[in-house]
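Morning, everyone. Please bring up the sequence and the model, and I will walk you through them.

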Amino acid sequence: MAFNLIEKSDSIEGAIETLQHIFQVQHVTFHLANVNFGPIDSPFVRSTYPPEWIARYLLKGYVDVDPVVATGFSGMLPFFWSELEIDERSMSMMADAQAFGLGADGYSIPVIDKSARRSLLSFSADAPTGTWKHYIRNVAADLAEMAHILHKKALMEAGCRFSVHLGPREIECLYWLAQGKDAGTIADILIISEHTVRSYLKSIRHKLSCSSLPQAVAKAITMRLITL
Amino acid sequence: MFFAIQANAYEKNTGILDQMFRLRKQVFFDQLCWQVEVQGDYERDRYDDLGPVYLVWADIEREVLYAAIRLMPTTGPTLLYDVFYDTLPDAAHLSAPGIWEATRACVHHENLERDFPGVSPMRAFGLMSLASAECAFAHAISTIVVNYEPYLKRAYASAGALVEEIGRAGGYGRYPVCCGLFEISESVILRMRAKLGLEGSIIGTENASPLQLTA
């Protein structure tokens, strides 16, 4: 359900507000790294943080000391803010954020695409770190998919177009999916494991930006990637 | 100990990373004769500039390297996509947030033999596979695309790893290159620990004593 709402929202602002409500986190921030093409040549940031905090953040130049930004745009694995090493310069920023009533812990997901364009989706929480971590671990795979959908959406807002290239096995899996077969049956037909089939299906959904497999089949037929 | 080095920690781990790039040159260029980019004593390519995760096995002081592997998300630029697009199309095309690729897995035979005489290179490879699985599982990754030489199939099997070969290609070096999908799940991790005779997690902790590793 979340996927559909995110995809249907007409802007990134709308999408992050939806995420904030569905996942019941304190705040959501989406940050596309500097990309020098088309109309975007300045940072693309959308956040549910109060405007006063965003203004202060920019005015104080916190983006240069924010450990979340530094880690998120250089690394590749998602991370909890509580795992970061905080140096003195970022200390004052963290204290300032807390004075604003903003959560101390959070979770960020770095995104990188085939053209090495990066973005970062962050969630902040006011729940105690223990409960928060437990909660996030259960939804981490979904959140990662959301981060990639937002990334593509933001680039499309900037006028980027994406082409889809499927591998031979992916096309075969799509074909059998369109014939109404489930992952287990496709595994039997192709004589591969169900986990491998699921990996192909995941890849297909990602490339076609689809939240469900029926949607992926419909899209693939429209795009003439498969014929029935 | 086994730990992951992310881009923000490269600087703190220059010693270990230096050893890793040298080891990669010895293994992939000198021994396996792959057509890899060599810069002096280093084997280093453009993916190393993108901030990949290096999973390493080193001593507690982080001075001696035993093994290393490189992990990258398949949503981004990947070696498999660029190098094996034509020869291993099924593996090369996979791309999704929960699917990562592991490349440049290598073991430092001399260091291993000196400090862990009871651990064979095959077992070291198995231990690294378990560490990769634990790291992946903790970050919501469900599949690792691995490339390996045919004889390492046995190392995966004896470590209890579930790896399904999805392609094989020749012409890259002394042996054909195999591509496989390594299933990551809690049950796979438990199975691997049992097979390797380990209790509890191997990564990030100092629990895995030399004795256990040798087991």
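Let me start with a question: which residues in α5(B) meet which residues in α7(B)? On the α5(B) side they are Gly126(B), Leu127(B), Leu130(B), Ala133(B), Glu134(B) and Phe137(B). They meet Glu186(B), Val188(B), Ile189(B), Met192(B), Arg193(B) and Leu196(B) in α7(B). By class, this contact has eight nonpolar, one polar and three charged residues.

Some ground rules. This is a predicted model: local features need pLDDT of at least 70, side-chain atom pairs count only at pLDDT 80 or more, and totals for chains, interfaces and linings use all residues. Residues are numbered from 1 along each chain as its sequence is written, while chains are lettered from A and ligands numbered from 1 in the order in which they are written.

Now the terms. Contact means that the C-beta atoms of two residues, placed from the backbone, lie within 7 Å. Helices (H or I, at least four residues) and strands (E, at least two) are DSSP runs, numbered from the N terminus. For classes, Ala, Val, Leu, Ile, Met, Phe, Trp, Tyr, Cys and Pro count as nonpolar, Asp, Glu, Lys and Arg as charged, and the others, Gly among them, as polar.

Back to that helix pair. α5(B) and α7(B), residues 186-196, pack at about 155°, with axes 10 Å apart. That makes α5(B) roughly antiparallel to α7(B) (over 145 degrees). Axes here are lines fitted to C-alpha atoms, for helices over the stretch in contact, and angles run from 0 to 180 degrees between N-to-C directions.

Next, the sheet in chain B. Seven strands form an open sheet, ordered β1-β4-β5-β6-β7-β9-β8, with mixed pairing. To pair, two strands need at least two bridges between them in DSSP. The edge strands of chain B are β1 (2-5) and β8 (163-169), and each pairs on one side only. On average, neighbouring strands are turned by 25° against each other, direction ignored.

Zoom in on one pair. β4 (residues 53-58) and β5 (residues 65-73) of chain B run antiparallel and are joined by six bridges. Val53(B) stands opposite Leu71(B) in β5(B).

What packs on this sheet from chain A? Helix α9 of chain A, residues 194-207, touching β6, β7, β8 and β9 of chain B. The direction of α9(A) makes about 90° with that of β9(B). From chain B, α5 (residues 121-138) lies across β1, β4, β5, β6 and β7. α5(B) runs at about 150° to β6(B).

That brings us to the two chains together. 32 residues of chain A are in contact with 29 residues of chain B. On the chain A side, α9(A) gives the largest share, seven residues. That side divides into 13 nonpolar, twelve polar and seven charged residues.

Finally, chain A itself. Chain A has ten helices and five strands. Of its 228 residues, 33% are buried (20 or more other C-beta atoms within 10 Å of a residue's own, C-beta atoms placed from the backbone).

The axes of α7(A) and α10(A), residues 213-222, come within 10 Å and cross at roughly 105°. The two are therefore roughly perpendicular (65 to 115 degrees). Leu174(A), Leu177(A) and Ala178(A) in α7(A) meet Leu213(A), Val217(A), Ala220(A) and Ile221(A) in α10(A). By class, that contact has seven nonpolar, no polar and no charged residues.

Key:
A residue is buried if 20 or more other C-beta atoms lie within 10 Å of its own, exposed if 12 or fewer, and partly exposed in between; C-beta atoms are placed from the backbone. Angles under 35 degrees count as roughly parallel, over 145 as roughly antiparallel, 65 to 115 as roughly perpendicular and the rest as oblique.
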